[in-house]
Amino acid sequence: MEEVANSEDSLEVSDRISYQLGETLVPRAKEDISKWKEYENVDEFILKFYNVSSAEALSNAQELANLVKLMKDSIRVEKLKDLSVIARFNVLHNETLRLADMASISSIKKEEVKEEVGKILELYTALNSKINTIYKAEDVQNSLEIDTEVPVTIEEKRENFEYNRRMNNSIKESKRNIRQ
């Protein structure tokens, strides 16, 4: 048995970079984004990076960088055109470019590739998490009885305060009259 493990024909498995699948989109977000082909392409392609060798990661890095650039340049879902989401797209794109640059460095170490792939997957998970947060916040907003998106002016607050004060005084007056 030891002879097989030490032979030159044995398979080297230690070069594999394996990560658990990150956060996926909530159903409503997935439905809205299903028409956004560039996101779908990245989502499908990035799956390769959850279990990949260093050599495979480097050889697929430029294609991933190109797909991420297309995605960030073609945001088709209006509610995702928020600065906090765009910032995440930009950071993800920068890290994919860094991995693509690593492919041209002959002295790059497997650990450095593994670390960069990990960063990219964490950033992609953070992007999905932010998208989910936007949809969850919208659900909470829709479940409220009042619209918290409409700003209340100071004058409206003053009018509401005065109205409430008059109502309270009127109620107190009514109670006093009933007692008498």
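Trp36, Tyr39, Phe89 and Tyr124 come together as one aromatic cluster, and that is where I'd like to start, everyone. Keep in mind that this is a predicted model.

The count of aromatic pairs comes to four. Let me pick out Tyr39 and Tyr124. How are their rings arranged, stacked or edge-to-face? The ring centres sit 6.2 Å apart and the planes meet at 20 degrees; the cut-off for stacking is under 30 degrees, so this pair is stacked. Tyr39 belongs to helix H3 and Tyr124 to helix H6, so the pair ties together parts that are 85 residues apart in sequence. Both Tyr39 and Tyr124 are buried.

Another aromatic pair is Phe45 with Phe49, and this one is tilted, with 6.1 Å from centre to centre and 55 degrees between the planes. Phe45 is buried, at a relative accessible area of 7%. Phe49 is buried too, at 1% relative accessibility.

Now back to Trp36, please. Which residues does Trp36 contact, if we leave aside neighbours within four places in sequence? They are Met71, Ser74, Ile75, Arg76, Val77, Leu80 and Phe89. Trp36 also turns up in the largest nonpolar core, which has 37 residues; Trp36, Met71, Leu80, Leu99 and Ile131 are the ones with the most contacts inside that core. Helices H2 (27-33), H3 (37-46), H4 (54-72), H5 (83-102) and H6 (110-143) each supply at least two of the core's residues. H6 gives the largest share, nine residues.

While we are on H5, have a look at His93, which is found in that helix. Buried or exposed? Its relative accessible area is 10%, and the cut-off for buried is under 20%, so His93 counts as buried. Not counting residues up to four places away in sequence, His93 touches Ala65, Val68, Lys69 and Lys72.

The largest pocket holds about 190 Å³. It is lined by 15 residues, and Thr24, Leu25, Lys30, Tyr39 and Asp43 are the closest to its centre. What is the lining made of, by class? It has eight nonpolar, three polar and four charged residues.

Note on methods: Residues are numbered from 1 along each chain as its sequence is written. This is a predicted model: local features need pLDDT of at least 70, side-chain atom pairs count only at pLDDT 80 or more; totals for chains, interfaces and linings use all residues. Side-chain values use heavy atoms; hydrogens and water are left out. A nonpolar core is a set of buried Ala, Val, Leu, Ile, Met, Phe, Trp, Tyr and Cys residues joined through side-chain atoms within 4.5 Å. Buried means under 20% relative accessible area, exposed over 50%, partly exposed in between (1.4 Å probe, protein chains only). Helices (H or I, at least four residues) and strands (E, at least two) are DSSP runs, numbered from the N terminus. Contact means heavy atoms within 4.5 Å. On a 1 Å grid over the protein atoms alone, a cavity is a set of points where a 1.4 Å probe fits but cannot get out, and a pocket is an open set with protein on both sides within 12 Å along at least five of seven lines; lining residues have an atom within 4 Å of a point. Grid points are joined across faces, edges and corners, and a volume is the space filled by probe spheres set on the points. Ala, Val, Leu, Ile, Met, Phe, Trp, Tyr, Cys and Pro count as nonpolar, Asp, Glu, Lys and Arg as charged, and the others, Gly among them, as polar. Rings of Phe, Tyr and Trp (its six-membered ring) pair if their centres lie within 6.5 Å; planes under 30 degrees apart count as stacked, over 60 as edge-to-face and the rest as tilted.
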